[in-house]
Amino acid sequence: MRHSTEYCIDLPDDFPEQQLVQYMAVARKTLLQPQVSQAWSEFAGASNLLAWRYRASFEDWQYYKNSVVECQNPTHEDLYRRERALFGMFTAGVSCIESACYSLAALASHPSVLSLPFGEVERRQCTPPKLYKWLLPYAKAAQLTSALDKLLKSDEWDLWMDLRNRMSHRSNLPNVVTAWIGDPPPSIKPIHFAATSSTPAIEAETTDFDALHEWLVKTLGALLAGGAQLP
């Protein structure tokens, strides 16, 4: 972890601090000068949230990873804590991207940027796909729409969304428990979930989920860099 002067909290070392600082500087110059814009309150809350949610997702993943490595024979209590951490990882990770997109829409609504409509209806509807659709007509937003297009077409985003939605609205992910008689024991992946009606079977190493966070950081950085180019 390293201390963020922007947020006054510690953030994971891989958080895209440089892109965030540039994005915030541009937003403050646009939304606070010569007077405070109506969009500022929407922007400020969302831009704060994205860092908080990334840290929460990262910490939940670290807890889950350490648990599966250190505890080979989990109790029901252990499984509960793991599931809670996994739910937190995916819920907070999706929230990180969605709050970034909300802040981008607020910035783009300023008259000196794109005058993007961002009233009560748009605020309720704002999602990454909606933001992409709203920005497509604006050549000025080409870098940002490219980053959004890459996000929406990625397998990683589909997985983040599918697992978040499953655990939020339907059920937990069913653990696969392997038993054997005799030696040697079978090769067992540390992350193993059966398929559900809305999610695929997952048999993975912890490094595969490390890669999901690397993707999240890279994608967040690209969105922030695109936002800094809007004004």
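**Note on the predicted structure**

1. Trp52 is found in helix H2. Helices here are DSSP runs (H or I, at least four residues) and strands are runs of E (at least two), numbered from the N terminus. Trp52 counts as partly exposed because its relative accessible area is 48%. For these classes, buried means under 20% relative accessible area, exposed means over 50%, and partly exposed lies in between, with a 1.4 Å probe and protein chains only. Trp52 and Asp10 are separated by 42 residues in sequence, and their C-alpha atoms lie 9.6 Å apart in space.

2. The model is predicted, so local features need pLDDT of at least 70 and side-chain atom pairs count only at pLDDT 80 or more, whereas totals for chains, interfaces and linings use all residues. Residues are numbered from 1 along each chain as its sequence is written, and side-chain values use heavy atoms, with hydrogens and water left out.

3. The overall layout comes next. The protein chain contains eight helices and four strands, and from the N terminus on its elements follow the order β-β-α-α-α-α-α-α-α-β-β-α. The C-alpha trace spans about 75 × 35 × 25 Å along its principal axes. Of the 231 residues of the protein chain, 43% count as buried. The chain exposes about 12,100 Å², of which carbon and sulfur atoms supply 51%; such areas come from the Shrake-Rupley method with a 1.4 Å probe, and for residues only the protein chains shown count as cover.

4. Contacts along the chain may be considered as a whole. A contact means heavy atoms within 4.5 Å. Among the contacts with a separation of 6 or more, 63% are between residues 24 or more positions apart.

5. How do helices H1 and H3 pack? Two packed helices are described by the angle between their axes and the distance between the axes. Helix H1 (residues 17–31) and helix H3 (residues 76–108) pack at an angle of about 35°, and their axes are 11 Å apart. Axes are lines fitted to C-alpha atoms, for helices over the stretch in contact, and angles run from 0 to 180 degrees between N-to-C directions. The crossing of H1 and H3 is left-handed, a term for a near helix turned anticlockwise from the far one by less than a right angle, while clockwise is right-handed.

6. The residues of this helix contact can be listed. Those of H1 are Tyr23, Ala27, Thr30 and Leu31, and those of H3 are Ala100, Ser103, Leu104 and Leu107. By class, the contact has six nonpolar residues, two polar residues and no charged residues. Ala, Val, Leu, Ile, Met, Phe, Trp, Tyr, Cys and Pro count as nonpolar, Asp, Glu, Lys and Arg as charged, and the others, Gly among them, as polar.

7. A search of the whole structure finds 11 aromatic pairs. Rings of Phe, Tyr and Trp (its six-membered ring) pair if their centres lie within 6.5 Å; planes under 30 degrees apart count as stacked, over 60 as edge-to-face and the rest as tilted. One of the pairs, Phe15 with Tyr54, is tilted, at 5.9 Å centre to centre and 45° between the planes. This pair links distant parts of the chain, 39 residues apart: Phe15 is in the loop between strand E2 (9–11) and H1, and Tyr54 is in helix H2 (residues 40–70). Both Phe15 and Tyr54 are buried.

8. Tyr23 and Phe43 form another tilted pair, with 5.5 Å centre to centre and 55° between the planes. Tyr23 belongs to helix H1 and Phe43 to helix H2, 20 residues apart, and both residues are buried. Elsewhere, ring pairs link Trp61, Tyr64, Phe90, Trp160 and Phe209 into a cluster.

9. Most residues other than glycine have a negative phi, and most peptide bonds are trans. Cys8, which is not a glycine, has a positive phi of about 60°. Cys8 lies in the loop between strand E1 (2–4) and E2, and counts as exposed because its relative accessibility is 56%.

10. Val113 is placed in the loop between H3 and H4. Its relative accessibility is 7%, so Val113 counts as buried. The C-alpha atoms of Val113 and Pro231 are 4.9 Å apart, although 118 residues separate the two along the chain. Leaving aside neighbours within four places in sequence, Val113 is in contact with Thr30, Leu107, Ala108, Lys140, Leu230 and Pro231.
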